[in-house]
Amino acid sequence: MLPAGEQARGHEFHYSTFQANEGADVKAAFQSKGRLGTKADGYLTGNLVAGYTHLHFASNPNMVKEWIHACKQYQQSRK
């Protein structure tokens, strides 16, 4: 939802460990920085981004524009 190098703020209050199936091509969706330090976080595959971080859209208005643009593109592809 953001170009490389841009940042947005959010919060996370769930903690668990994700273990991918052996041989799975798993890519981190983003870097997070918090009380546990900086780490690769989230899960990215195709157009799916999953993770516990709840993003605050007002922290980077470009994120909202990109999300709406992606939604419109998806809608057009389904016609």
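# Reading a predicted chain: fold, pockets and surface

Author: The secondary structure of this protein chain comes to 1 helix and 6 strands, and the model you are looking at is a predicted one.

Reader: What pattern does the protein chain follow when it is read along the sequence?

Author: A pattern of this kind lists the elements from the N terminus onwards. Here the protein chain reads β-β-β-β-β-β-α, and its C-alpha trace spans about 40 × 35 × 20 Å along the principal axes.

Reader: Of the 79 residues, what share counts as buried?

Author: A residue is called buried when its relative accessible area is under 20%. In the protein chain, 5% of the 79 residues count as buried.

Reader: How much space lies in the largest pocket, and which residues are the closest to its centre?

Author: The largest pocket holds about 1300 Å³ of space. Its lining is made of 38 residues, and those closest to the centre are Ala8, Phe30, Gln31, Thr53 and Leu55.

Reader: Which elements each supply at least two residues of that lining, and how do the lining residues divide by class?

Author: At least two residues of the lining come from each of strand 1 (9-11), strand 2 (30-34), strand 3 (37-41), strand 5 (48-50) and helix 1 (61-77). By class, the lining of the largest pocket divides into 18 nonpolar, 13 polar and 7 charged residues.

Reader: What volume does the second largest pocket have, and how many residues line the second largest pocket?

Author: The second largest pocket has a volume of about 330 Å³. It is lined by 14 residues, with Ser16, Phe18, Asp41, Gly42 and Tyr52 lying nearest its centre, and the classes in this lining are 6 nonpolar, 5 polar and 3 charged.

Reader: Where is phenylalanine 57 found, and is phenylalanine 57 buried or partly exposed?

Author: Phenylalanine 57 is found in the loop between strand 6 (54-56) and helix 1. Phenylalanine 57 counts as partly exposed because its relative accessible area is 33%, a value between the cut-offs of 20% and 50%.

Reader: How many salt bridges does the count come to, and which side chains meet in a salt bridge?

Author: Side chains of opposite charge can pair when their charged atoms come close. The cut-off for a salt bridge is a nitrogen to oxygen distance within 4 Å, and by this rule the count comes to 1 salt bridge. The side chains of aspartate 25 and lysine 27 meet in this salt bridge, at 3.1 Å from N to O.

Reader: Where does aspartate 25 lie, and is aspartate 25 buried or exposed?

Author: Aspartate 25 lies in the loop between strand 1 and strand 2, and with a relative accessible area of 59% aspartate 25 is exposed.

Reader: In which strand is the place of lysine 33, and is lysine 33 buried or exposed?

Author: Lysine 33 has its place in strand 2, and lysine 33 is exposed, with a relative accessible area of 75%.

Key: Residues numbered from 1 in each chain as written. Predicted model: local features only at pLDDT ≥ 70, side-chain atom pairs only at ≥ 80, totals over all residues. Heavy atoms only, no water. 1 Å grid on protein atoms, 1.4 Å probe; cavity = no way out; pocket = protein on both sides within 12 Å on 5 of 7 lines; lining within 4 Å. Points joined across faces, edges and corners; volume = space filled by probe spheres on them. Helix = DSSP H or I, 4+ residues; strand = E, 2+ residues; numbered from the N terminus. Nonpolar A, V, L, I, M, F, W, Y, C, P; charged D, E, K, R; others polar. Buried < 20%, exposed > 50% of the residue type's maximum accessible area, 1.4 Å probe, protein only.
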